[in-house]
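Please consult the sequence and the three-dimensional view shown here.

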Number of protein chains: 2
Amino acid sequence: MKALREPFKLACIQFEPVIGELDGNLKAMEDHIRTAASEGAALVILPELADSGYVFSGKEELAALAQPIPSGRSAQLLISLACELKIHIVSGLAERDGDDFYNSAILCGPDGHIGQYRKLHLWDMENPLFTPGNLGLPVFDTQLGKLGLAVCYDGWFPELFRSMALAGAELICVPTNWVPMPGQLEGVEVMANTLHRAAAHSNGIFIACADRVGTERGQPFLGRSLVIGPNGWTLAGPASADREETLFAEINLAEVQTSRDLNIHNNIVGDRRQDVYGDPKTSSGPTPSSHRKETA
Amino acid sequence: MKALREPFKLACIQFEPVIGELDGNLKAMEDHIRTAASEGAALVILPELADSGYVFSGKEELAALAQPIPSGRSAQLLISLACELKIHIVSGLAERDGDDFYNSAILCGPDGHIGQYRKLHLWDMENPLFTPGNLGLPVFDTQLGKLGLAVCYDGWFPELFRSMALAGAELICVPTNWVPMPGQLEGVEVMANTLHRAAAHSNGIFIACADRVGTERGQPFLGRSLVIGPNGWTLAGPASADREETLFAEINLAEVQTSRDLNIHNNIVGDRRQDVYGDPKTSSGPTPSSHRKETA
């Protein structure tokens, strides 16, 4: 699809899904999406597992909530909203595919379902519940530009951003449920924000992270959603640690190319020494599912 | 060499070399090293091009200052100090090798010269003056532990830290001459600090950066030296933006392994999805010098 290359408004929805409350979560998602669209957002990003909540009591609870993408109820709602409102939507969803469950992110647009991503790096108690992602690191060529997707702990791996940037991604959308990191000091930027600002700067790409808030079954979440420009500086946010709010940012993807030229001699992507450390593999489709974690 | 695995004190010397003043710079380096050693430092790190200064008027000025490693005067001084004081020293030096000049970092210890690293990623006006590094990304097995070296703009490339971490590096020593990045906002952490904290966290390694201060021939430098622990949090610094000062930090390299286990399911190095994005090449010796930049 040909990119229009026009600046657009992006919205990151920071809200609090409730574990197990599919009806209520879908209602909240729809309300937030409609409000953001009415304020001009052409791309709306929602948190990880926005439809299901995060802290499952076990596989049975997950199984009762997860649905296929794109045929399931959550995906169909988002697709119909994207079509009706003529916007793009990215959201974390609990996905069922046969007997497997994935921590996924869907991308849909004015013409319907575009694709999805399955979280590659599972965090903590996700490991016994979900199957590690097997769709690689797709980059989607949309009307807005080239979009990549990542979910939460994925952002701890610099290869992921590098791989998608080299495959052409200009903006990486990150539905997330960030939890505290060891040693976090009061008054210091949360590590999740630091990691994504560094990744945006080192790759010359936009990154938009929509986090959840609240404490679920004892697990606190960080909030601090943010939108980052290709120099690594924050365009919107970080949002609060504990309140539902929507961040808006104007995104001009033409800045991706201009930002990479740091001076007449240096281009931050072109300066890589592939002869020394090689290049990451890039992929835009399914990868062999040779990687499957042992579940303790 | 067998690692002793005992905690030790590290010192980052933030000072102001003067372009062309080899005698004065070596005197200042010696004074700073002796003072740091007298305060218990077992490893002393000095800035990039500490002996020569940074903003050369042209190749002629560089040629008059750069010397071979380890036979040149600067290297010999550092080696003799390391032997006399029974410490390890890392310093940026202007290196001459035949008709080539390298922006190098030397590592020496109580038993003499251990090795050097040649900056892989040249910044701005270094490009017409220096040859890009051709010694790969060596990791040195020392009495203190496994040390890697990097210089300034190298830190903009996540592959560099990943490659050395996978080759066993526990602490990466960074002589640097950081300059301002586009868009830096007053009161926000300098991007150089952000990039190195992210790299330490994502790899579970210590990183120690010794920057210079001052303005040389119109080029301002950032200061803000810092020592970072394997969780990505700052152990010492950031230092001031404009004053000579020495940062001290206690380093326990045993924390490298423990910090990587983020919970019972996750190890930040082990969780990489090599099946998707591969692994960087690692090297501990010279690489083919196929990479040589055009000099405009």
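## Contact between the chains

The contact draws 45 residues from chain B and 45 residues from chain A, where two residues are in contact if their C-beta atoms, placed from the backbone, lie within 7 Å. On the side of chain B that touches chain A, helix H4 (158-166), helix H5 (191-203) and helix H7 (274-277) of chain B each supply at least two residues; helices (H or I, at least four residues) and strands (E, at least two) are DSSP runs, numbered from the N terminus. H5(B) gives the most to this side, with 7 residues. The residues of the side of chain B that touches chain A comprise 18 nonpolar, 18 polar and 9 charged (Ala, Val, Leu, Ile, Met, Phe, Trp, Tyr, Cys and Pro count as nonpolar, Asp, Glu, Lys and Arg as charged, and the others, Gly among them, as polar).

## Basis of the model

This is a predicted model, in which local features need pLDDT of at least 70, side-chain atom pairs count only at pLDDT 80 or more, and totals for chains, interfaces and linings use all residues. Residues are numbered from 1 along each chain as its sequence is written, while chains are lettered from A and ligands numbered from 1 in the order in which they are written.

## Relation of the two copies

The same surface serves both copies, as 100% of the contact residues of chain B recur in chain A.

## Strand E1 of chain B

In strand E1 (residues 8-14) of chain B, 6 of the 7 residues are buried, so the strand is largely enclosed by the rest of the structure. A residue is buried if 20 or more other C-beta atoms lie within 10 Å of its own, exposed if 12 or fewer, and partly exposed in between.

E1(B) is joined by 7 bridges to strand E14 (residues 245-251) of chain B, and the two run antiparallel; strands pair if DSSP finds at least two bridges between them. B:Gln14 stands opposite B:Glu245 in E14(B).

## A loop residue in chain A

A:Gly214 lies in the loop between strand E9 (206-210) and strand E10 (215-216) of chain A. With 19 C-beta neighbours inside 10 Å, A:Gly214 counts as partly exposed. Leaving aside neighbours within four places in sequence, A:Gly214 is in contact with A:Glu16 and A:Phe221.
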